[in-house]
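Thank you all for coming; I would like to take a few minutes to walk through one model with you. Please have the sequence and the structure open as I go.

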Amino acid sequence: MIYNIKKAVIHDWYTQYRGGERCVESFTNVWNDFDHFTLVNTLGKEECQRIFKGNNVKTSFIERLPFGKTKYRSYLPLFPLAIEQFDLTDYELIISSSSCVAKGVLTRQDQLHITYMHSPVRYAWDLYHQYLKESGLQKGLKARVAKYFLHKLRIWDVSTANRPDFYIANSKYVAKRIKKIYGKEAQVIYPPVDIDSFEISEEVSDYYVTCSSMVPYKKVDLIVKTFATTTTKLVVIGDGPDYKKIKKLSSSNIELKGYLDTEGKSEILKKAKAFIFAAEEDFGIAPLEAQACGVPVIAFAKGGILETIKGGYITDKNIHEKTGIFYKEQTIASMLEAIRFFEEVETSFDKKSIRKHAESFSRERFEEEIKETVHRLYSQWKRKNNS
């Protein structure tokens, strides 16, 4: 059925091997004959092979603009135009992997378009005011231009709500936002986590760890500021636009590792006392990678993280059945309080139980769910079109 039709995947951009790219990799593990479309692709040869399986990859005119491969975000006002230029006429099944504009690709009524949504456009919707504040875009001409283009992006984004035939969300948290912004129901399929790449270590070293892309909403700066008030060791994995800012905030007890591959990340994660997380995240793969190592997570209690951690609060006395601890505010005081509580109950956590919880988010589970869902939606769509 689906194996004999022409298929395309459209993803916003391929610039790092992160959660969205892992989802596309799983799509191509299930069906290895997709053609691929994206605004920009800067991945290395090995990552391209893992994701694209040697199939065609077409990029947009954004990539060919000055600094288009490195400063592509500066061309945000052109993203809707660029995504609409892809000609998908030859494909019967289109899957968009969208956290920005991919869901807005143009299709006909005789083409099935399923969108796997990581998030509605964050900086145009729920992170709009935070984005303007943290980017210094509250006053002045540049701020007015940014606000105008984000306003236009919201209008375009809502106008494209009916372009996908079906929505799949990466968490219940995102499904609620899809309902609020687009008025659409979304099935939830949690993203894949490479559980097998991580393992439990009986050795526990005297440090905490966090791992994240260094962008404002991830709140790595808050974690670093918190640990800078202590002598407790923190290891920070990741890079991104805020790396220099984070480095300036660091103190002697904080070690910045930059980007690490999966093997290097696993070595650090599995020996940590606990994983620190401060973002209001749509899903959050890194905390699950930590749990795959049997490492408990100390996390801000909002967003998709509530679906991936069996967390207790500082008033919870039954912590031995949990996989982490939640704190209620994105503040230094609230995070410190959670860390102090963790150190009181640290021996109550069971590595094997934490690992078992993480296994329910495996890549194999994701690929089985995606395969079943896409086949079912295709059959449903085909029956409707033939009636």
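Predicted model: local features only at pLDDT ≥ 70, side-chain atom pairs only at ≥ 80, totals over all residues.

K219 sits in the loop between β8, residues 208-211, and α7, residues 220-228, and it counts as buried because its relative accessibility is 19%, which falls under the 20% cut-off.

K53 also has a positive phi, of about 55°, although it is not a glycine. This lysine is in the loop that runs between α2 (45-52) and β3 (57-59), and with a relative accessibility of 25% K53 counts as partly exposed.

Now to the helix pair. Helix α1, residues 19-30, and helix α14, residues 363-386, have axes that come within 10 Å and cross at roughly 65°, and the crossing of α1 past α14 is right-handed. On the α1 side the residues that meet α14 are R22, C23, E25, S26, F27, N29 and V30, while α14 brings R363, F366, E367, I370 and K371. Sorted by class, this contact has 5 nonpolar, 2 polar and 5 charged residues.

Two further residues remain, and I would ask of the next one: is K273 buried or exposed? At 12% relative accessibility K273 counts as buried, and its place is in the loop between α9 (262-269) and β11 (275-277). If we leave out residues up to four places away in sequence, K273 touches V204, S205, D206, Y207, Y208, V295, P296, F342, E343 and E346. Between K273 and T315, by comparison, the separation is 42 residues in sequence and 21 Å in space, taken from C-alpha to C-alpha.

Finally, S334 lies in helix α12, which covers residues 332-345, and this serine is buried, with a relative accessible area of 10%. Leaving aside neighbours within four places in sequence, S334 is in contact with Y327, K328 and E329.

Key. Residues numbered from 1 in each chain as written. Heavy atoms only, no water. Axes fitted to C-alpha atoms, helices over the stretch in contact; angles between N-to-C directions. Helix = DSSP H or I, 4+ residues; strand = E, 2+ residues; numbered from the N terminus. Left-handed = near helix turned anticlockwise from the far one by under 90°. Contact = heavy atoms within 4.5 Å. Nonpolar A, V, L, I, M, F, W, Y, C, P; charged D, E, K, R; others polar. Buried < 20%, exposed > 50% of the residue type's maximum accessible area, 1.4 Å probe, protein only.
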